[in-house]
Amino acid sequence: MSIISSIQQSVTSSLTQIFQQPFTEKDFQVNQTKPEFEGDYTVVLFSLVKMLKQSPDSIGNTLGQHLTENNPGLFTQFNIIKGFLNLTVADDYWISILQKNHNDSCYGKKEMNGKKVMVEYSSPNTNKPLHLGHLRNNFLGWSVSEIMKANGYEVIKSAIVNDRGIHICKSMIAWQLFANGATPESTGIKGDHFVGNYYVQFNNEYKRQVDELLAAGSNKETAEKEAPIMKATQQMLLDWEAGKPEVIELWKKMNQWVYDGFDITYKRIGSNFDITYYESDTYLLGKDIVKQGLDKKVFYHKEDGSTWINLTADGLDEKLVQRKDGTSVYITQDIGLAQLKYQQYNIDQSIYVIGNEQNYHMKVLQLICQKLGMPNADGIYHLSYGMVELTSGKMKSREGTVVDADDLLDEMEDTARQHTEALGKVKDFTADELKELYRVLALGALKFYLLRVDPKKTMVFNPTESIDFHGFTGPFVQYTHARIKSILRKVNPETIWYNSSIDTTTPLLALEKELLLLLEQYGTVLQQACKEQNPSLVANYVFQLAQTFNSFYATHSVANAESDAKKHLRLKLANMTANTIKSGMQLLGIQVPERM
RNA sequence: GGACCGGUAGCUCAGUUGGAUAGAGCAUCAGCCUUCUAAGCUGAGGGUCAUUGGUUCGAAUCCAAUCCGGUUCACCA
C-alpha cells in the first residue's frame with residue numbers, strides 16, 4: 001500500500017474516532033508537503049472546517065495528536081500552518097521500504113491480473129519510409145504496452161500494414177515508367193526509401209501532366225482526372241483487385257523491398273509486433289457484419305442500394321458502411337478487423353494508437369460496434385496522439401518537409417559520438433561497444449524527447465537544433481544510472497551492505513529522505529501512467545528521480561560517507577535508485593548503459 | 001457552420017479529482033572538478049497562467065462568454 005493510502009486510512013479512522021461520525025477519504029485531501037514547510041505529507045483541513053464547524057487549528061491539533069499517538073510507527077510529529085496539517089513520517093518507515101525493495105527488479109510492478117489487451121500501433125503505408133510522426137506512434141505504442149504489462153496485463157502488440165490501394169499503385173506505376181528495372185540492390189538504396197522515391201516521382205510527373213492539360217485549356221477537375229499517369233494508376237488498381245498476375249507480382253516485389261527497409265528501421269529502434277495484419281487480407285472483412293447489421297436494423301439501405309447507419313441521435317452524422325456496388329469502405333474493414341481481433345485473441349481491451357485526426361472515425365467505429373452488440377465494443381479505446389509539427393509548420397511529404405526516421409537516427413548517433421568523444425570517458429571500449437553505446441544514447445535521447453510530452457498534445461520539433469543531451473533528456477537519466485553503477489562497481493558487494501539490515505539510529509538527512517519519498521511513489525506513478533495510458537508520467541518521474549539523485553550526489557558522498565551506517569544506507573539508496581531508473585526507462589523502451 | 005482538442009517564462013514542456021509564494025529543461029548571467037563519472041551541481045534574472053465575468057474561505061485548475069490556433073464533419077484510406 002502506498003504511503004498516501006496509509007495516511008488516508010489512518011486519518012479517516014482517527015476522524016471517525018474523534019468526532020464519532022463516519023468519514024471517507026473524499027472528505028479531505030492528502031498532498032506531499034511543500035519543501036518550504038516542515039513535514040512530509042499534508043492533510044488539507046479546509047473541507048473539514050465546514051463539516052465540523054470548528055476552526056482549522058483546533059481540528060488540526062486534535063487530529064495531529066490522535067494520529068501521532070495512535071500510529072507511532074508512522075508519524076513522529078506534526079505542525080499546523082494556516083489550515084494545513086503537516087505530518088512527518090517516521091524514518092523507520094522509509095528505511096523499511098529501502099530495506100525491502102532496494103534490489104527488487106519488480107519493484108512497483110503488479111502481479112498478473114488475468115486481463116488481455118491488444119495494442120495496435122505503427123500502421124505504416126508501404127509507399128514511403130517512416131518519418132518522425134511514425135516514431136512518436138511507435139514509441140508510444142511500445143511504451144504503453146510495457147506499462148500495461150507492468151500493471152499486470154497480458155499484452156499483444158499488433159500492427160496493421162496499409163499495403164494496398166491507389167497510393168501503392170502510384171509508386172508501382174512510377175517504377176514501371178522511370179526505373180528501367182532498377183532495384184534497391186542495383187542502386188544500393190534502402191528498400192523503403194527506394195520505393196518512396198518513386199512515389200515522389202509519381203507526384204512530380206502527375207503535377208507536370210496536369211499543368212500541361214491546364215495549359216492546353218482543360219479545367220482543373222478534368223485535368224486531374226484525365227492525366228494519363230493517373231488513369232494508368234486507376235487501371236492498375238482495378239487489375240490488382242482482379243488479381244492480374246503481373247500486377248500482383250510487381251506489387252509483391254515492391255512491398256517486399258519496403259518490408260526489408262522497414263525491418264532494418266524497426267530493428268534499429270527496438271520495435272516489434274506479436275501479430276501483423278495486412279490490409280490486403282482484411283479489406284474485404286466486414287461484409288457479413290453489414291448483413292447482420294441490416295437484419296438487426298442497425299443499418300439501412302438507401303434507394304440506390306448503398307448501406308448506411310444513422311448516428312445523428314448520438315450527435316454524429318449519417319455514415320456510409322457499404323457502397324452501392326457492394327464494396328466495403330474503410331470503416332467496414334475496421335469493424336471486420338475489430339471482430340477478427342476479438343475472435344482470435346479473446347481480448348478484454350483493444351487499444352488503437354492512432355493520430356488525433358482520426359478522433360471522429362474512431363468514435364464512429366466504437367459506436368457502430370456497440371450498436372451491433374459486439375461483445376467487447378466497450379473495450380475499444382482510441383489512444384489519440386497529437387501530430388509532431390516543425391517550427392516551420394507541418395510536415396508534408398509532398399513539400400519535402402518530412403523529418404525522415406533513418407536520417408534523424410543517423411544524425412543523433414553522430415551527435416552521441418561527438419559528445420562521447422569529447423568527454424573521453426570510455427576510451428577502452430571496443431569499436432562494437434562504442435557503436436552500441438551511440439545507438440543506445442541516440443535512441444534514448446529521441447525516445448525520451450518524444451515520450452516526455454503528453455501524448456494527446458501536438459508537439460513541436462525544431463529540425464535546426466539537434467535534440468539535446470543535457471537537462472530534461474534521456475541521456476541525462478542514462479548518465480545518472482551509469483554514474484551510480486560506477487559507484488557500486490567500486491564497492492565489493494559481499495561486504496557490509498548488500499544483505500545486512502540498515503542501522504536506523506542515525507536520522508535521515510533531507511536529501512536522503514527526499515530520494516526515499518520519490519522512490520516510494522514509483523508504484524503509484526506506474527498505476528497512473530497505465531490508467532491514463534500516458535508514458536510521459538513515467539518520463540517525468542524518472543527525470544525527477546535522476547535529478548534528485550544528482551543533487552544528493554553533489555552534497556553527500558556514498559563511498560566515503562561519514563560513517564559505516566551512512567555508507568550502508570546510501571549504497572542501498574543508490575542501488576534502488578539505479579534499479580528504479582532502469583525499470584522506468586525500460587517502460588519507455590530506453591536502455592540504460594553501465595558506463596558512458 | 002457543427003463537433004472535438006489546445007493557448008502557462010524568449011523557446012520546448014510540467015502542473016487541472018480546486019489548496020500554501022505557478023514549476024522544470026533549453027537559452028542568458030554568476031559560481032563549483034587535488035575526493036564516488038562536470039552528459040553533473042548551486043544560484044540569479046525571466047509570468048496579466050489568451051481575455052472578461054461568475055462560483056468560494058481559496059481558481060492556472062470548475063462554469064459561462066469572447067478571441068486565437070489546430071483537427072474533423074468523403075461512396076479516400
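Visitor: What share of the contacts in chain A with a separation of 6 or more comes from residues 24 or more positions apart?
Guide: Such residues account for 74% of those contacts in chain A, where a contact means heavy atoms within 4.5 Å. This is a predicted model, in which local features need pLDDT of at least 70 and side-chain atom pairs count only at pLDDT 80 or more, while totals for chains, interfaces and linings use all residues. Residues are numbered from 1 along each chain as its sequence is written, chains are lettered from A and ligands numbered from 1 in the order in which they are written, and side-chain values use heavy atoms, with hydrogens and water left out.

Visitor: How many helices and strands does chain A have?
Guide: Chain A has 22 helices and 14 strands. These are DSSP runs numbered from the N terminus, with helices being H or I of at least four residues and strands being E of at least two.

Visitor: And how much of chain A is buried?
Guide: Of its 596 residues, 53% count as buried. Buried means under 20% relative accessible area, exposed means over 50%, and partly exposed lies in between, with a 1.4 Å probe and protein chains only.

Visitor: Which part of RNA strand B is 2.6 Å from the side chain of Asn162?
Guide: A sugar or linking oxygen is 2.6 Å from an N or O atom in the side chain of Asn162. For the bases, a nitrogen lies 3.3 Å from a side-chain N or O atom of Thr420, and an oxygen lies 3.4 Å from a polar backbone atom of Ala482. Elements that give two or more residues to the surface near RNA strand B include strand 2 (41-44), helix 16 (405-423), helix 18 (474-489) and helix 21 (536-555).

Visitor: Which element supplies the largest share of that surface near RNA strand B?
Guide: Helix 21 does, with seven residues.

Visitor: What lies between helix 20 and helix 21?
Guide: A loop that holds Asn534. Asn534 counts as buried because its relative accessibility is 6%. Its side chain makes a polar contact of 2.7 Å with the side chain of Ser536. A polar contact is a pair of N or O atoms within 3.5 Å; within protein, one must be able to donate a hydrogen and the other to accept it, and residues adjacent in sequence count only if both atoms are side-chain atoms. Beyond its neighbours within four places in sequence, Asn534 is in contact with Asp454, Pro455 and Ala529.

Visitor: Where is Ser122, and is it buried or exposed?
Guide: Ser122 sits in the loop between strand 5 (116-120) and helix 5 (132-150), and Ser122 is buried, at 2% relative accessible area.

Visitor: What joins the side chains of Ser122 and Asn138?
Guide: A polar contact of 3.1 Å joins them. The C-alpha atoms of Ser122 and Asn138 are separated by 5.1 Å, although the two residues are 16 apart along the chain.
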